[in-house]
Amino acid sequence: MNPGSDMWQLILPLSIDIIMSIGAYFFTLNLIPRLKDLFVKANLYGIDMNKRNSLKIPEALGVVTGCIFLVTMFLFIPVPFTDYIFKNENFPHNEFVEFLAALLSICCMLLLGFADDVLDLRWRHKLLLPTIATLPLLMVYYVNFNSTLIIVPKPLRVWLGYSVDLWIFYYVYMGMLAVFCTNAINILAGINGLEVAQSLIIAISIVIFNIIELSGDLWKAHRFSLYFILPYIATSLALLKYNW
């Protein structure tokens, strides 16, 4: 990473992102108790089987944290591109499209999660819909990069060589990966705190990896990842507080 302007492009957007994430945390913390009765009235609740009382516990509150996350990211959209807007420089349309495509896929996943809670979707729908939700990301990746090469692990290079071009199977794999990730989290729904807790553990590990790699050549990609993961951690922490 080059010093000077690159350092400023790294620190300023991330600082604003952190401030907005803190605000999202406290907003989520205050909003969940106010909305929980609405979910109970809509029959979106469960009973804690480990408690003697039969207190109704609202479910599907992840949609609240998801909506606040999306609103935070919508407000954050102009921040990474401020210099290009005010200086009227060559606008990075490819980065802007990547940002919007990521938000579109997250919106689709959020809709899928809420629909599952309300409609109790069958497994065939849970397998199909995440794949469709990844199409915006896959299309943007195809237009901007279209690299389907993978580096072969060292023990297998004797037989497969240094790299392998998966061609269209790379995109099939990415679509299947989205199905696995969403259902691996969703399968633990109903156990207090476990679903959101494992999501937080994964998110924090991603943050640590991104911070380590910020000094490398691909620092922009890791900065892009931090833009999304920090507000996610903030809103998820608020949800975990009520599921502990």
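N146 lies in the loop that runs between α6 (135–144) and β3 (149–151); here helices (H or I, at least four residues) and strands (E, at least two) are DSSP runs, numbered from the N terminus. This is a predicted model, in which local features need pLDDT of at least 70 and side-chain atom pairs count only at pLDDT 80 or more, while totals for chains, interfaces and linings use all residues. Residues are numbered from 1 along each chain as its sequence is written, and side-chain values use heavy atoms, with hydrogens and water left out.

Back to N146 itself: what is the value of its phi angle? Phi of N146 comes to near 55 degrees, which is a positive value in a residue other than glycine. With a relative accessibility of 36%, N146 is classed as partly exposed, a label for values between buried (under 20% relative accessible area) and exposed (over 50%), found with a 1.4 Å probe on protein chains only. W167 is placed in the loop that links β4 (163–165) to α8 (168–186). The relative accessible area of W167 is 61%, and W167 is therefore exposed.

The confidence of the model comes next. The mean pLDDT over the chain is 85, and 94% of the residues score at least 70; pLDDT is the predictor's confidence in each residue, on a scale from 0 to 100. Where in the chain is confidence lowest, and where is it highest? Helix α5 (residues 123–133) has the lowest confidence, with a mean of 77, and helix α2 (residues 62–76) has the highest, at 94. Where pLDDT is low, the predicted coordinates should not be read in detail.

The overall layout can now be traced. The chain contains 10 helices and 4 strands. Starting at the N terminus, these elements follow one another in the order α-β-β-α-α-α-α-α-β-α-β-α-α-α. A box of roughly 60 × 50 × 30 Å, taken along the principal axes, is filled by the C-alpha atoms of the chain. The chain has 244 residues, of which 36% count as buried.

T28 belongs to helix α1, and its relative accessibility of 0% makes T28 a buried residue. Which residues does T28 contact, beyond its neighbours within four places in sequence? T28 is in contact with T65, I68, T235 and A238 when those neighbours are left aside. Along the sequence P13 and L70 are separated by 57 residues, and their C-alpha atoms are 17 Å apart in space.

S236 forms part of helix α10 (residues 219–241). S236 counts as buried, since its relative accessibility is 6%. Not counting residues up to four places away in sequence, S236 touches V196 and L200.

D116 is found in helix α4 (residues 93–119). Is D116 buried or exposed? Its relative accessible area is 12%, so D116 is buried. Leaving aside neighbours within four places in sequence, the contacts of D116 are L121, K126 and N186. D116 and L31 are 85 residues apart along the chain, with 22 Å between their C-alpha atoms.

Finally, a record can be set beside the model. UniProt, in an unreviewed entry, places the feature "transmembrane region" at residues 12–32, 60–81, 96–115, 127–147, 167–189, 196–212 and 224–242; its positions follow the numbering used here, feature names are shortened, and annotations may be inferred rather than shown by experiment. In the model, residues 12–32 are 100% helix and 0% strand, and the C-alpha atoms at the ends of this span lie 30 Å apart. For residues 60–81, the end C-alpha atoms are 34 Å apart, and the span is 68% helix and 0% strand.

Notes
Contact means heavy atoms within 4.5 Å.
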